[in-house]
Amino acid sequence: MLAIFHKAFAHPPEELNSPASRNGSRKPKLPEETLKEFMSAHPANTVSMSFGNAAVLAYVPPDRSYPPYQRMFGGFDDIYCLFMGSLNNLYVLNRQYGLAKGSNEAMFVIEAYRTLRDRGPYPADQVVKDLEGSFAFVVYDSKSGTVFTALGSDGGVKLFWGIAADGSVVISDDLEVIKAGCAKSFAPFPTGCMFHSDGGLMSFEHPMNKVKAMPRIDSEGAMCGANFKVDVYSRVNSMPRVGSEANWANWETYQ
């Protein structure tokens, strides 16, 4: 899968952007180049949606009888979700959120996002922490231009992100796509973490601790993005909200 968001709608950590991308022989590509190459690699079955200059989402259904994990793409009420992996407690979650028992993981994530965006009863980190299984997802709310991404803590699904030539954020489960499009400005998305376009990166496993950037050096000795780890010695400035005031829009409370 591939998701690209204009820099006006997603503000990743500055450490993700490596100076080596500007000085090296291999330069980052523009989003349209990365999308074209992604679609060319899967010409028969790629599904993509563009939202003007704001965002593009591309999805390739699994092409093997027994893929390593599920891939899904869903949309409802101008909210779109790319989901990879599976949730072991999906039946319980669907019942909790009033969804039909046959609803898949992508539709559940959309409903959870809608509920919390519109003043749900739980903090966002608690909702993501309640998801059991191996998973990664990218949500785009096209009404508000909001981006929300999370990666499970068990490492069963891999996710990568980087910076394109124009400063756009590129997210994919395909490392080669990220390397080709972002040059040295990329990194693995940290497990047990979630990213919100307004509130930034935080750990849903340890929401009271800050996430720290650690320099990452590649085999050529060049600075290559950064690894992000929970800093057990550094805590956020304020207590997260609880109750009806805790929703996606108020993520900045954690910072």
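User: Buried means under 20% relative accessible area, exposed over 50% and partly exposed in between (1.4 Å probe, protein chains only). Going by that, which class does serine 142 fall into?

Analyst: Serine 142 is partly exposed, because its relative accessible area is 26%. Keep in mind that this is a predicted model, where local features need pLDDT of at least 70 and side-chain atom pairs count only at pLDDT 80 or more, while totals for chains, interfaces and linings use all residues. Residues are numbered from 1 along each chain as its sequence is written, and side-chain values use heavy atoms, with hydrogens and water left out.

User: Thanks! Where does serine 142 sit?

Analyst: Serine 142 is in the loop between β6 (133–141) and β7 (146–151). Helices (H or I, at least four residues) and strands (E, at least two) are DSSP runs, numbered from the N terminus.

User: And which residues does it touch, leaving out those up to four places away in sequence?

Analyst: Serine 142 touches Phe51, Asp78 and Tyr80, where contact means heavy atoms within 4.5 Å. Aspartate 78 is 64 residues away along the chain, yet the two C-alpha atoms are 5.6 Å apart. The serine 142 side chain also reaches the backbone oxygen of aspartate 78 at 2.9 Å.

User: Let's switch to α2. Which of its residues are buried?

Analyst: Pro31, Thr34, Leu35 and Phe38 are the buried ones. They lie on the same side of α2, because they cover an arc of only 100 degrees around the axis; the arc is that of the directions from the helix axis to the C-beta atoms.

User: Why would spaced-out residues end up pointing the same way?

Analyst: An α-helix has 3.6 residues a turn, so residues three or four places apart point the same way.

User: Nice. What is on the face of α2 turned away from the buried side?

Analyst: That face carries the exposed residues Glu32, Lys36 and Ser40. The buried residues of α2 are covered by elements including β1, β3 (55–59) and α6.

User: OK, α6 then: which residues are buried there?

Analyst: In α6 (residues 175–182), Val177, Ile178, Gly181 and Cys182 are buried. Their arc around the axis is only 95 degrees, which puts them on the same side of α6. Among the elements covering them are α2 (31–41) and β10 (186–188).

User: What happens at the two ends of that helix?

Analyst: At the start of α6, a side-chain oxygen of aspartate 174 comes to within 3.0 Å of the backbone nitrogen of glutamate 176. After α6 comes alanine 183, with a positive phi near 55 degrees.

How values were computed: A polar contact is a pair of N or O atoms within 3.5 Å; within protein, one must be able to donate a hydrogen and the other to accept it, and residues adjacent in sequence count only if both atoms are side-chain atoms.
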